[in-house]
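Welcome, and take a moment to look over the fold before reading on. The notes below are meant as a friendly first tour.

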Amino acid sequence: MRDKIVAGNWKMHKNAEETEDLLNELIDKLPSDAAVHIIVAPSFVNLASAVQHLEFTNINVAAQNMHQAKSGAFTGEVSAEMLTGIGVNSVILGHSERRAYFNETSEILKNKVDAALANDLVIIFCFGEELKDRQANTHFDLIEKQLSESLFHLQEKDWANIILAYEPVWAIGTGETASPEQAQEMHAFIRKTIDVKFGPAVSQNVAILYGGSVKPDNAKEIFSKPDVDGGLIGGAALKADDFVAIVKAAM
Ligand code: PGA
């Protein structure tokens, strides 16, 4: 049985004080015995304090991005080693906003994946089609391409550190969710694609999260699908009560 995972992507929200307030509320309200892996991803500047704040809790901290180089003249960037140095153990890579607004290509993401693995970070690897791809019925091909270009060079052992997050771009922040059936259909396709390339030991164990307008009122039905192993939550992760309800829906 794969574990369920619920991760909150806070994006560019919450200053230092707001981060502390939300973390305190989560510590109070989240069940400490949840059989769900819980991850939060505040902004870079609040990662160190979040790690300290959550030290004795069951909540893990992820970064929302990192640079692929070990170090160097990359003004404004953050390396994998800088993340692990402050106790961050996971990183979100390939979010559609990074792909669209910061020109992150599959090749760049492949390098980021390698740099993260070299530092033993757990990777939440995001991918997903745009509405035009679904309308043109090319969404399965596109998903296979995104996976193969950034992840198919990996070795079987690397998959212990990979969490997949399928996020149809048309469902992110739009209030438009993939139906539970659409999510299951794509998640089964993703698992099959991984199975063909890496075999069942990888495909049966890799967690595949769904992301895109997951809310307290739709989470349970989406999470009940056999190939959906939890969610990557944006907007609803910014309100403690909503995030807690979504975690509980995964239990
Ligand atoms: P959303 O964002 O839940 O606000 O749609 C999801 C995401 O971008 O990860």
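This is a predicted model: local features need pLDDT of at least 70, side-chain atom pairs count only at pLDDT 80 or more; totals for chains, interfaces and linings use all residues.

Residues are numbered from 1 along each chain as its sequence is written, and side-chain values use heavy atoms, leaving out hydrogens and water.

Let us start with the helices. Helix 7 (residues 139–151) packs with helix 8 (residues 180–198) at an angle of about 45°, their axes 11 Å apart. That makes helix 7 oblique to helix 8. Among the residues of helix 7 that meet helix 8 are Phe140, Ile143 and Leu147, and their partners in helix 8 include Met186, Phe189 and Ile190. By class, this contact has nine nonpolar, two polar and two charged residues.

Helix 7 also packs with helix 5 (residues 106–118), again at about 45°, with the axes 7 Å apart. Here Ser106, Leu109, Lys110 and Val113 in helix 5 meet Gln146, Glu149, Ser150 and Leu151 in helix 7. These residues divide into three nonpolar, three polar and two charged.

Now for the ligand. It is surrounded by 13 residues, and the closest are Lys11, His95, Glu167, Gly173 and Ser213.

| Residue | N or O atom in | Distance to a ligand oxygen atom |
|---|---|---|
| Lysine 11 | side chain | 2.7 Å |
| Glycine 173 | backbone | 2.7 Å |
| Serine 213 | backbone | 2.7 Å |

Helices are DSSP runs (H or I, at least four residues), numbered from the N terminus. Axes are lines fitted to C-alpha atoms, for helices over the stretch in contact, and angles run from 0 to 180 degrees between N-to-C directions. Angles under 35 degrees count as roughly parallel, over 145 as roughly antiparallel, 65 to 115 as roughly perpendicular and the rest as oblique. Ala, Val, Leu, Ile, Met, Phe, Trp, Tyr, Cys and Pro count as nonpolar, Asp, Glu, Lys and Arg as charged, and the others as polar.

Definitions and conventions: Helices (H or I, at least four residues) and strands (E, at least two) are DSSP runs, numbered from the N terminus. Contact means heavy atoms within 4.5 Å. A residue is near a molecule or strand if one of its heavy atoms lies within 4 Å of it. A polar contact is a pair of N or O atoms within 3.5 Å; within protein, one must be able to donate a hydrogen and the other to accept it, and residues adjacent in sequence count only if both atoms are side-chain atoms.
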